[in-house]
2 protein chains.
Amino acid sequence: MITVHGNPHSTCTRKVLTTLEEKGAKYDLRVVDLATKQQKSSEHLARQPFGVVPVLDHDGFELYESRAIVRYLDRALPGVSLTPSDVRDYARMEQFISIEQSYFSGPTIQLLYQARGGQPDAKIVDENRAKLAHTADVLERRLGEAKYVGGASFSLGDISFMPYFALLERLGHGDIASSRKNVSRWWTDVSARESWKKVSG
Amino acid sequence: MITVHGNPHSTCTRKVLTTLEEKGAKYDLRVVDLATKQQKSSEHLARQPFGVVPVLDHDGFELYESRAIVRYLDRALPGVSLTPSDVRDYARMEQFISIEQSYFSGPTIQLLYQARGGQPDAKIVDENRAKLAHTADVLERRLGEAKYVGGASFSLGDISFMPYFALLERLGHGDIASSRKNVSRWWTDVSARESWKKVSG
């Protein structure tokens, strides 16, 4: 039995749910209400000491950190593999998962904060857009040499970036994908997947 | 042939070199001089577009992001495996690699900046020490149930944290390890490994 303690709008929860959908797994989503800060409740903190979502419960085995959860699910569950078997493609996938964590999610979340707090600070918006543009250029080069981040097949590397591109689009920064030929082609492709439509719909 | 473009004092370079030593691999370290900002030179930026170290060159295959490099090396090279074969231990290892990247390296580097810039700002020091203490408590619980981060055997999860604990010690924050029973026992153990002594010596 698989339970995800998370929120359908959270980027990190979406990575986990997309992975579960791709694996064809059944799961139960227990919503943690971020509006009432339920992620900081003692009940949730007992599962996740950093007070964020999601947490996976797989037959009593509890795990947090979305990037660890998706790697675990891909290894533990049956279904199509979301990890390239070729060692260099595997390395590229890992490189881009790390790039997402180091350079892409942070600036995206900064833009979300700016959009929420009344009048956005133009300087902060510009700085974070510049960081995202630089990383998107790196992604553009990779997607010019391979169909997906990890090579010829869809992988955890693609899933890592998807919730952030969706959020950027919602915040009015969709040009970060659409102004780049390969990223744009990739985003049109991956966002049409059944897994993603189910998770983000 | 393995070349690492990095710096012997850089935490991320040290993760890669420790992994190479553990695997018993021969390699050539090409020093990138951080004092003269060689990491921002056009030659280095062509290899690493974010202008940091290290970059691996394995028979012409170039890869950056230390956390991707160590996973790649463990898979690509012969020698002892640094990844648990049990899927739940593997999951814990990945959880802690992600915890390091999300919650431990950042505050450690903030303390390094404070130590460098003349009079440290006590408020910034306190804030970052509190963050590190919280993460060290999480590590303390894990190391109370297992000898190493990933279970019974030494893994990439341990290597991920080692350069930061060494740096904290050098900056006068060694109590973050020494004040916690299990973390202290673990740090005494892992810092005595031949690989680490060679890399940090």
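Visitor: Which residue forms a salt bridge with Lys198(A)?
Guide: This is a predicted model, where local features need pLDDT of at least 70, side-chain atom pairs count only at pLDDT 80 or more, and totals for chains, interfaces and linings use all residues. Residues are numbered from 1 along each chain as written, chains are lettered from A in written order, and side-chain values use heavy atoms, without hydrogens or water. A salt bridge puts a side-chain nitrogen of Lys or Arg within 4 Å of a carboxyl oxygen of Asp or Glu. Here the closest N and O atoms are 3.5 Å apart, and the partner is Glu21(A).

Visitor: Which element gives the largest share of the side of domain 1 of chain A that touches domain 2 of chain A?
Guide: Elements are DSSP runs: helices (H or I) of at least four residues, strands (E) of at least two. Two elements give two or more residues to this side: α1 (11-23) and α3 (66-76) of chain A. The largest share, 9 residues, comes from α1(A).

Visitor: What area do domain 1 and domain 2 of chain A bury between them?
Guide: Buried area is the accessible area (1.4 Å probe) that two parts lose on being put together, summed over both. Carbon and sulfur atoms hold 61% of it here. The total is about 1,500 Å².
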